[in-house]
Amino acid sequence: MSVRGVKYQDLSQRLAAIDIEQSADNLRNKVNKGIMGADLMLQVLYVLKARPLDAAMLEEILTDLQP
């Protein structure tokens, strides 16, 4: 979301465009608590027009997330 400059309200609206009803607050809570289901995660990736990840990119992301 940060790479695309998308806020939770924007994400909520993009999901609504494909008939997925999620409020901005609900999305924020799911992300912050780490309880987003795989189906919603795929829908989010779809509306963000995410590109495929290869193993090297995934490793870099995971390394950046470590404290």
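Visitor: At roughly what angle do the axes of helix 1 and helix 2 cross?
Guide: The axes of these two helices come within 8 Å. Axes are lines fitted to C-alpha atoms, for helices over the stretch in contact, with angles from 0 to 180 degrees between N-to-C directions. Helix 1 and helix 2 cross at roughly 110°.

Visitor: What kind of model is this, and how are residues numbered?
Guide: This is a predicted model: local features need pLDDT of at least 70, side-chain atom pairs count only at pLDDT 80 or more, and totals for chains, interfaces and linings use all residues. Side-chain values use heavy atoms, without hydrogens and water, and residues are numbered along each chain as its sequence is written, from 1.

Visitor: Where is Gln22?
Guide: Helices are DSSP runs (H or I, at least four residues), numbered from the N terminus. Helix 1 spans 8–17 and helix 2 spans 24–33. Gln22 lies in the loop between helix 1 and helix 2.

Visitor: Is Gln22 buried or exposed?
Guide: Buried means under 20% relative accessible area, exposed over 50%, partly exposed in between (1.4 Å probe, protein chains only). Gln22 has 16% relative accessibility, so Gln22 counts as buried.

Visitor: Which residues does Gln22 contact, leaving aside its neighbours within four places in sequence?
Guide: Contact means heavy atoms within 4.5 Å. With those neighbours left aside, Gln22 touches Ser12, Leu15, Leu27, Lys30 and Leu40.

Visitor: How many salt bridges does a search of the whole structure find, and which residues form one?
Guide: A salt bridge is a side-chain nitrogen of Lys or Arg within 4 Å of a carboxyl oxygen of Asp or Glu. The search finds 1. Its closest N and O atoms are 2.7 Å apart, and the partners are Arg28 and Asp25.

Visitor: How many residues apart are Arg28 and Asp25?
Guide: Both lie in helix 2. Their separation is about one turn of the helix, or 3 residues.

Visitor: At about what angle do helix 1 and helix 3 pack?
Guide: Helix 3 covers residues 38–47, and its axis is 10 Å from that of helix 1. Angles of 65 to 115 degrees count as roughly perpendicular, under 35 as roughly parallel, over 145 as roughly antiparallel and the rest as oblique. Helix 1 is therefore roughly perpendicular to helix 3. The angle is about 95°.

Visitor: Which residues of helix 3 make the contact with helix 1?
Guide: Helix 1 brings Leu11, Arg14 and Leu15. From helix 3 come Leu40, Gln43, Val44 and Val47.
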